[in-house]
Amino acid sequence: MIEARHLRVLRAVAATGSFSAAARELGCTQPAVSQQMKALETSSGTTLLIRTGREMRLTQAGEALVRHAGGILAGLTAAEEEVAAIAGLRAGRVRLVSFPSGSSTLVPTALAALRAAHPGTRVSLVEGEPPRSVEMVRDGDCDVALAFRYGPATDEWDDLVVRPLLTDRMVGLVPDGHRLADADAIGVGDLAGESWIAGCPRCRRQLVEVCESAGFTPRIDFATDDYPAVIGLVGAGLGVAVLPELAIESVRSMGARTVSVEPAVQREIVALTLPDLAQVPAVAATLDRLARAAAR
């Protein structure tokens with residue numbers, strides 16, 4: 001019989017490339033990892049790993065098992081949590097991943113309300129941008145992802161439960177004293193000759209697409225995933241930017257001015273989870289609290 005603990009170890013070995021690195025990641029010893037892999041191969045009836053030089057490489061069977069491991073482990077987590085809830089335990093665990101501007105705005109309000117209503121529920125938080133954060137949900141590395149996407153809805157999340165939260169409008173950011181600082185609204189093309197400061201890779205790609213639709217390619221002199229850094233660079237007069245309102249909400253815009261941008265550009269903010277996990281009380285409560293935080 002294949003055991004969940006063996007699958008977790010196999011995924012760690014596949015991700016790190018060695019027993020010793022997997023042991024460090026899992027907080028156990030290298031011999032323990034080796035023993036569990038031998039037990040898994042015995043259960044599977046075939047070789048799952050082969051050594052190539054200093055690294056361990058998955059066999060075809062190993063690759064198949066790792067490919068299914070995320071869904072199996074997520075299903076087990078859902079089953080364990082649901083059984084605990086049915087048994088009357090007022091406890092739960094939720095692993096949340098969020099992009100930075102969501103972590104500083106929506107997440108604190110949601111988690112504070114969740115803790116007040118369900119003090120036995122434990123929530124952990126790590127930061128990650130889509131698409132990596134979305135893959136973490138699919139791989140079973142987290143339970144809920146706060147994510148975003150630009151443009152009309154596509155089928156990229158059809159295998160997940162999608163909880164719409166809000167529509168986040170993009171605004172322009174220019175230095176105080178800029179020629180357009182007092183404008184009620186500007187067109188993206190009005191900034192064609194400026195030095196640009198870009199944000200995360202997905203936002204950067206969207207910026208280039210918007211600018212190219214206005215007839216120019218932005219000259220991006222600075223790029224950073226840190227929104228306070230973007231605002232600081234604009235405030236220092238080093239360029240202009242287009243940022244989500246959610247990113248500006250939690251940062252004091254020293255030396256910078258926001259202006260409306262036309263045509264309007266928006267991103268959809270959502271919470272994502274697997275269908276099985278959506279039935280887990282602690283996960284469902286987290287989704288509800290995120291929705292309430294977004295509605296304020």
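**Around V280 and beyond**

Guide: Leaving aside neighbours within four places in sequence, V280 is in contact with A78 and E81. Keep in mind that this is a predicted model.

Visitor: Where is V280 found?
Guide: V280 sits in the loop between α11 (275-278) and α12 (281-295).

Visitor: Is V280 buried or exposed?
Guide: Its relative accessibility is 1%, so V280 counts as buried. The cut-off for buried is under 20%.

Visitor: How many residues apart along the chain are V280 and E82?
Guide: They are 198 residues apart along the chain. Still, their C-alpha atoms are separated by 5.5 Å.

Visitor: What about contacts in the whole chain, what share join residues at least 24 apart?
Guide: Take the contacts between residues at least 6 apart in sequence. Of these, 71% join residues at least 24 apart.

Visitor: Give me the overall picture, then. How many helices and strands?
Guide: The chain has twelve helices and twelve strands. Its C-alpha atoms fill a box of roughly 70 × 50 × 35 Å, taken along the principal axes. There are 296 residues, and 46% of them count as buried.

Visitor: Let's look at a strand. Why is β5 described as largely enclosed?
Guide: Strand β5 covers residues 144-150, and seven of the seven are buried, so the rest of the structure largely encloses it.

Visitor: Which way do its side chains point?
Guide: V144, L146, F148 and Y150 point one way from β5. A145, A147 and R149 point the other way. Both sets are buried.

Visitor: Which strands pair with β5?
Guide: One is β3 (residues 92-98), which pairs with β5 in the parallel sense over three bridges. Another is β12 (residues 266-273), which runs antiparallel to β5 and is joined to it by six bridges.

Visitor: What stands opposite L146?
Guide: S98 stands opposite L146. In β12, the bridge partner of L146 is A271.

Visitor: New topic. How do β8 and β9 pair, parallel or antiparallel?
Guide: Strand β8 (residues 195-198) and strand β9 (residues 219-223) pair in the parallel sense, over four bridges. For A198, the bridge partner in β9 is A223.

Visitor: How does the chain get from β8 to β9?
Guide: It goes through helix α8 (residues 201-213). This β-α-β crossover is right-handed.

Visitor: Now helices. How do α2 and α3 cross?
Guide: Helix α2 (residues 19-26) and helix α3 (residues 30-44) have axes that come within 8 Å and cross at roughly 105 degrees. The range for roughly perpendicular is 65 to 115 degrees, so α2 and α3 are roughly perpendicular to each other.

Visitor: Which residues make the contact?
Guide: From α2, F19, S20, A22 and A23. From α3, Q30, V33, S34 and M37. By class, the contact has five nonpolar, three polar and no charged residues.

Visitor: Which residues of α2 are buried?
Guide: F19, A21, A22 and A23 are buried in α2. The elements covering the buried residues of α2 include α1, α3, β1 (49-52) and β2 (55-58).

Visitor: And what follows α2?
Guide: G27 does, with a positive phi near 75 degrees. In general, most residues other than glycine have a negative phi.

Visitor: You mentioned α1. Where does H6 come in?
Guide: H6 is in helix α1 (residues 4-16). With 4% relative accessibility, H6 counts as buried. Not counting residues up to four places away in sequence, H6 touches Q36, M37, A39 and L40.

Visitor: Last thing. Where are the cis peptide bonds you'd point out?
Guide: One joins P130 and P131, with omega about 10 degrees. P131 is in the loop between β4 (121-127) and α7 (132-138). Another cis bond joins E262 and P263, with omega about 0 degrees. P263 is in the loop between β11 (256-262) and β12.

Key:
Residues numbered from 1 in each chain as written. Predicted model: local features only at pLDDT ≥ 70, side-chain atom pairs only at ≥ 80, totals over all residues. Heavy atoms only, no water. Buried < 20%, exposed > 50% of the residue type's maximum accessible area, 1.4 Å probe, protein only. Helix = DSSP H or I, 4+ residues; strand = E, 2+ residues; numbered from the N terminus. Pairing = 2+ DSSP bridges. Contact = heavy atoms within 4.5 Å. Axes fitted to C-alpha atoms, helices over the stretch in contact; angles between N-to-C directions. Parallel < 35°, antiparallel > 145°, perpendicular 65-115°, else oblique. Nonpolar A, V, L, I, M, F, W, Y, C, P; charged D, E, K, R; others polar. Right-handed = clockwise from strand over helix to strand, strands pointing away.
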